[in-house]
Structures are given as structure tokens and as C-alpha cells.
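This report describes selected features of one protein model and its ligand. The sequence and structure are shown first.

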Amino acid sequence: MATLDLQMVNKSFGSAKVLHDINLSIRDREFVVFVGPSGCGKSTLLRIIAGLEEATSGAIVIDGQDVSGLHPVDRGISMVFQSYALYPHLTVFENIAFPLRVQKVAEPELSQRVERAAEILKLTDRLTHKPGQLSGGQRQRVAIGRSIVRNPKIFLFDEPLSNLDAALRGDMRVELAQLHKELNATMVYVTHDQIEAMTMADRIVVLKDGFVEQFGTPMELYHHPQTKFVAGFIGQPNMNLVPATVKGGDDTGLHVELDGGTALSLPVDHAGAKAGDRVEVGIRPENVRLSENDIGLALQVSVLERLGGQSMTYGHIADTTRFCAALDGDAAIAEGGQITLEVDPADCHVFAGDGKVMRRKKAPNLVK
Ligand SMILES: Nc1ncnc2c1ncn2[C@@H]1O[C@H](COP(=O)(O)OP(=O)(O)O)[C@@H](O)[C@H]1O
Ligand SMILES: [Mg+2]
């Protein structure tokens, strides 16, 4: 059992405030990913949880106990870093055993715990090797093994896959997800990579400038981004943002005109918006399709990427707004041409001038 609660955590380095009123409740056995751009405070928050850094104010609570004053080793937490920090002169066995040697764990328990970790991580036939004889992925697994043998209540990972090449990162993502299932442990994982966040997390915390922008399941964030920032960060290729002017509102929703002239009636709450307000309409590339009757958004195509199953179509609408459409692989389109796209208003997101989403009238079906 290991729940983790962060209560009003703030952190300043001198006069620079880097974390603001962080409140999060992480459930037992949950895999939570902190994601956000470089410098947003992810590592600092993780280090505060681990006890490697002290919060300026606020509390870290594990299983209902405030551990804010506890030494890192007394928190029942272990952390895996981006740099593997292995001892080059020690074997894989001794690298994994290292924390147990420090704790003076005796044989045969020590060997049993190391061998079990090696088995989980598929390193059994590498135990006598030195780190220099291993691939990058295997080295990262040794570093994870060193965490596993300590039987921590909570695993913390700080960008553990960033040093690996793209193909290996993909493999390790699957392995870490599998590891989470096998160990049944609470895990907090930091990354700047939204694909890692989407694929591994039970729930994602999106951080920006030291604030929590949103905390939710991957599909909640995808379907219901609360801010323009989350909308742009989650989903690949990024959501298109088309500037628009509010024309009015009524019971059916908000009426806008996209720059370039297309009128749309969107099922969002119009309260708070008045005619003339400038907003942005968010449209995901995968939510548009070719119009059969030439009514819709006119897209001037500049670059076409035929991926096989999909045709990624890049260009501009209204001359100035960049737009990407993910169309069928065989779609009859060409670079330099103009096409007309249609979109279901229920798939549009509307962001007010402050970057916050305007509330929907009716939620679309959520895929869990
Ligand atoms: N020890 C430190 N002293 C001063 N500033 C720091 C220190 N550690 C981190 N920072 C600052 O705090 C902010 C958040 O850093 P960090 O948590 O490392 O971000 P991330 O991991 O999201 O890239 C950055 O602006 C960084 O420069
Ligand atoms: Mg970091």
C-alpha cells in the first residue's frame, strides 16, 4: 500500500519561485507521469518527494504519514535517474546489490533479492558482466534493478529513457509498463515526452511554469484539455489553433467566424463571451475530413506526407494560420492544391483570450 499526497507544495530558489501550490493525490499502485517542457519544475518536484530537496512550504504525505522531515532513505522511496550512475568496475550483480550491501543485508537473502530483480528485468545472463559490456537499455535496466531490490513503496523515475535511441525508448516504454504490472507498485515518472506520458500513465500531471495545468487520464486530457497549453501539448501532431471572432451566442451554443471566413456554431457555453471577442478554435488534425460538397475550411496545401495509412497534409488556412490535417492514405490531394475540410462542431475546442477552454454544453463520449 502506498498513496502519495502532495499538499500545497511550494518551492523557491532564492527569489525565483519554481513550484506553486502543488496539490496532488496519487493512488496506491498508480502510474502517474509528470510531463511538461524543460524547466517547468518536474525534477524539482520529484526531488522534493524523494527528500533530496526541501520544499519551501507544504507537505509530502505517504500512506497518510507526513514524511516532509524524514531523510530520503527513511521514506521508502527509490529514484532512477536519466544518467544510470553505475559503478564501472563492479559487475551487474554487485551494481544491483549495492544498496543491499550498504544496508548490510546478509546472504542468502541478498542473492535472492538480486536474482529476483535480474529475472524481472531479463538480466539473469548478464549478472557477471561489467556495465561497459552492456547496451544502453541493459544499463538502464541495471539502474532500475538497483531500485527494485530495495522494495520501495514508491518508485520515482526522472527521464530514465532520454539517453536511449528512439527504437529502444519504444521497447523500454513497454517494459516499464510491464514492470509496473508485475511489481504492483506506485510509480511517479517524469518526462518531457508527451508520447511517453500518453502511453504509460494511468494519470498525467501537466506542469507549466511550476503550476499544475491539469491532472487526469490520458484520454481526459486528450478529449477535454482545460487550457490551450494542454491542448497543444497532448496529441500528435499538435492540435490546430485557428483564430476566430465571436459573432454571438444562444441556446444552441457559440457562433464564431474563423479568420478566413468560415462560420461555425459550436456546442459550448456562450456565457461570458460577447460579439467581437477574439477566441481560438482548436481542431485536431485527426478530426477533419475532406468535404464532399466544398463547404468548409479551405486549406492551401504546401506539404504532403504520405505515411501509408494516413496522409499528413500541412498548409495554411486564410493565408496565415498554419494547419495540419491527417487524411486518408489515398486521399486525392496534391501539394500546391487547395482542398476543403469539414469538421464536426462537437470535436472543436474553444479557448478564450486567457487560454482557458470554454465549457462544453455536452460531453462527447469518453474512451476510458
Ligand atoms: N538548485 C537549483 N538552484 C537554483 N535554481 C534551480 C535549482 N534547481 C532547479 N532550478 C530551477 O528551477 C526550475 C525548474 O527546474 P527543474 O525542476 O530541473 O525543471 P525540469 O525538470 O522540468 O526541466 C528551473 O528554472 C531551474 O533553473
Ligand atoms: Mg528535469
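Lys 122 lies in the loop between H3 and H4, where helices (H or I, at least four residues) and strands (E, at least two) are DSSP runs numbered from the N terminus. Phi of Lys 122 is positive, near 55°, in a residue other than glycine. The model is predicted: local features need pLDDT of at least 70 and side-chain atom pairs count only at pLDDT 80 or more, while totals for chains, interfaces and linings use all residues. Residues are numbered from 1 along each chain as its sequence is written, and chains are lettered from A and ligands numbered from 1 in the order in which they are written.

**Backbone geometry**

Most residues other than glycine have a negative phi, and most peptide bonds are trans. Asn 184, which follows H5, has a positive phi near 55°.

| Cis peptide bond | Omega | Loop holding the proline |
|---|---|---|
| Glu 107 to Pro 108 | about 0° | between H2 and helix H3 (109-120) |
| Gln 236 to Pro 237 | near -5° | between helix H8 (228-233) and strand E11 (240-250) |

**Helices**

Helix H5 (residues 166-183) has 18 residues and spans 25 Å from its first C-alpha to its last. This is close to the 26 Å expected at 1.5 Å a residue, the expected span being 1.5 Å times one less than the number of residues.

Helix H2 (residues 92-102) packs against helix H4 (residues 136-148) at an angle of about 35°, with the axes 7 Å apart. Axes are lines fitted to C-alpha atoms, for helices over the stretch in contact, and angles run from 0 to 180 degrees between N-to-C directions. The crossing of H2 and H4 is right-handed, that is, the near helix is turned clockwise from the far one by less than a right angle. H2 contributes Val 92, Asn 95, Ile 96, Phe 98 and Pro 99 to the contact, and H4 contributes Val 142, Gly 145 and Arg 146; two residues are in contact if their C-beta atoms, placed from the backbone, lie within 7 Å. By class, this contact has five nonpolar, two polar and one charged residues. Ala, Val, Leu, Ile, Met, Phe, Trp, Tyr, Cys and Pro count as nonpolar, Asp, Glu, Lys and Arg as charged, and the others, Gly among them, as polar.

**Ligand and domains**

The shell around ligand 1 consists of Phe 13, Val 18, Gly 36, Ser 38, Gly 39, Cys 40, Gly 41, Lys 42, Ser 43 and Thr 44, each with its C-beta atom, placed from the backbone, within 6 Å of the ligand. Helix H1 (residues 42-50) gives the most to this shell, with three residues. Three residues of the shell are nonpolar, six polar and one charged.

The protein chain is divided into domain 1 (4-232) and domain 2 (237-351), with bounds from an automatic or database domain assignment. Their centres, taken over C-alpha atoms, are separated by 39 Å. Four residues from domain 1 and seven residues from domain 2 form the contact.
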